Each structure stands twice: as C-alpha cells, then as structure tokens.
Amino acid sequence: MAKEMQKNSMYIEQNDPEGDIRKDFLDDDGRAKRTGTWVTASAHIITAVIGSGVLSLAWAIAQLGWVAGPAVLMAFSFITYYTSTLLSDCYRSPDPVTGKRNYTYMDVVRASLGGRSVQLCGLAQYGNLIGVTIGYTITASISMVAVKRSNCFHRHGHHVKCYTSNNPLMIIFACIQIVLSQIPNFHKLSWLSILAAVMSFAYSSIGIGLSIAKVIGDGPHATTLTGTTVGVDVSASEKVWRAFQAIGDVAFAYAFSTVLVEIQDTLKSSPPENKSMKRATAVGVTTTTLFYIMCGVMGYLAFGNDAPGNFLTGFGFYEPFWLVDFANACIAVHLIGAYQVNSRLM
C-alpha cells in the first residue's frame, strides 16, 4: 500500500501542470521569466551611453588636441570596459554563475560592502538620476525647438525672430514618459532601446557625414597637436579649465555603470548572465568608441580649434535644414528611450 501511494505521488509530481506553468513563466527566483539576450543588452547599453553628449566631442578634442584627445577617449573606453566586466560578475554572489541575484546596483553594494556604503551609493545614484533625467528633458526640448525654428526660418526667412518656448515641448516630453512608464514590465520595452540606439546612430552618422562634406568642400581647418593655442584662441587659465572640462565631458559620455546591474537583470540565465553581459559590454563599448572617435575626429577636422559645443549647429545654422531637422528629431526620440532606460532600471 505504501509503495502504491509513493508511486502515485511520484506520478502526480512528475505530471503537475501547475509546476510546468511555473517553470515556463517564472525564473529561479520566482520572478517573471527574463527573456533578454546580449543583443537587447547591447541596445540598452548603447542607448544609455551614446547620448547627445557625442555632439560635443569635437569641441573636447579641440581643447585637448590630436595627442591627448584620442588618447583620453581610448583610455576611458578601456576603463569603462574593464570596470564593467568586473561589475558584471557581481550580479550574482558569492558565485557569479550560481549565487544569489543582486537586482540593482545598490544590492551589489549591500552584498559586497554593506553598512553606510549602501546609503552613500543610493544618494550618489539617485542624485545622478535626477541630474540626467532633467538634462534629457531639457536637451530633448531644445532639439524640438531647433526643428520648429528651422522650419520657421525656412518659411519666413532668417530675418524673422521665430521665438519658440521650450515649456510646451518639455510638457509633451514628460507626458510621453508618463505613458511609457505605465508599461509594467521593462522587458517589453526592449524595442524602445533598439529604436533609441538606431536614432543615436542616425544623428551621429549625420554629423559625421556633414563633417566629411565640409572637409571635402572647404578643406580641413587649422588643427594642432595640443588643441587650442594659448595666446591665440584662449588664455592660459582658460586652456587649463577647458582641458579639464573636456576630460569631464569624455568621462561623462562613457558613464553607464549606475544602470549596468539593472540591465544585466533583464538577461535570461542561459547562457550565464555574466557571460552574456560581458559580450554585450564589449559590443556596446566598442560601438560607442568607434562613433565617438569618428564624431570627435571628423568634427575637429571640419571646424578646427573653433569647433562648437554642438557640431550639428556649425553647418550653417539650419542648412541643409531638412537633414539637421531629422538629426534633431533623432536626438529627441533617442532621449525618450534613454530616459526610460535610466529611470526604469534604477
């Protein structure tokens, strides 16, 4: 009798339909099954890293010159990749493959350091989030204002003031974010990250293409090994200040460590998350670096030591107006996705 009951219980356990359902829809921690791959993680990384700051890299190289400029870009590229691979092994602890999941950057700090470090990390992370999201909102509205003013100038002439307020566009941007934030599962927004990554490639490529056209048409502008010249372009104190500002711009352009763990938490567990994340990081950082170098180098060749802070505005303010309009629209769409990646993952 006992053997028969044991046999029946084994049969029921092996054919438990609810157990199969749980296995199909839940991960090992009881949460909704993660479906992300290194491809979607790469898109999240590119969306988080390549921001509108890429447009200021020509100015940064103009401050640092041909020697220090590319060297700083490569140095931060290596630092970002190396530290990201170390951090990807912290998603599970104590073992990077079979250990307990750490869902957020703060969870990693709690598991590794604990104590007051967690509170300090939280202050730094959320302070950074507030600053970044405010910057995204303002930059997106500026890009859309540029589109409206461009069309106004094209229709009425450059002698018209064509004043446009940023406030309605910032409200529209905020409303879009409110709507997107109602989607409960961020995994369902991977399409938005892919779209945002495509947009970042688009406006970066437009800037590179316009720079190449300018170099071919006008010839390369005067450039130097050390960038802006003291006594000619800037004073000695301005040279030092701008050099540090340029290094800061490059460092900020590579920052995505605050959402790396959260991006890794979207990956499915086979292959191991740290392996997929390292591959995604390699793809994301390599792609980012190539675009950064091309934008910085071609922008510096096109404008020389007079490179503007946003090299899209240097091609005859709004001409070719339709292409610059498209680039600005791409910036706005990209920032919609970047806002979601940064705010939803933290």
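Guide: Let's begin with a rule: a charge sits over a ring if NZ of Lys or CZ of Arg is within 6 Å of the ring centre and within 35 degrees of the ring normal. Keep in mind that this is a predicted model.

Visitor: What makes arginine 31 a case of that, and over which ring?

Guide: Arginine 31 lies over the face of tyrosine 103, at 3.6 Å from the ring centre. The cut-off is 6 Å, so that distance qualifies. Another case is arginine 279, whose charged end is 4.0 Å from the centre of the ring of tryptophan 38.

Visitor: Why is the pair of phenylalanine 201 and phenylalanine 291 called stacked?

Guide: Their planes meet at 25°, and under 30 degrees counts as stacked. The ring centres are 4.9 Å apart, within the 6.5 Å limit, so they do pair. Phenylalanine 201 belongs to helix H8 and phenylalanine 291 to helix H11, 90 residues apart.

Visitor: How do you know whether phenylalanine 291 is buried or exposed?

Guide: Its relative accessible area is 14%, and buried means under 20%, so phenylalanine 291 is buried. Phenylalanine 201 has 25%, which lies between 20% and 50%, so it counts as partly exposed.

Visitor: What makes phenylalanine 173 and tyrosine 339 an edge-to-face pair?

Guide: The structure holds 5 aromatic pairs. In this one, the angle between the planes is 80°, and edge-to-face means over 60. The centres are 5.7 Å apart. Phenylalanine 173 sits in helix H7 and tyrosine 339 in helix H12, 166 residues apart. Both residues are buried.

Key: Residues are numbered from 1 along each chain as its sequence is written. This is a predicted model: local features need pLDDT of at least 70, side-chain atom pairs count only at pLDDT 80 or more; totals for chains, interfaces and linings use all residues. Side-chain values use heavy atoms; hydrogens and water are left out. Rings of Phe, Tyr and Trp (its six-membered ring) pair if their centres lie within 6.5 Å; planes under 30 degrees apart count as stacked, over 60 as edge-to-face and the rest as tilted. Helices (H or I, at least four residues) and strands (E, at least two) are DSSP runs, numbered from the N terminus. Buried means under 20% relative accessible area, exposed over 50%, partly exposed in between (1.4 Å probe, protein chains only).
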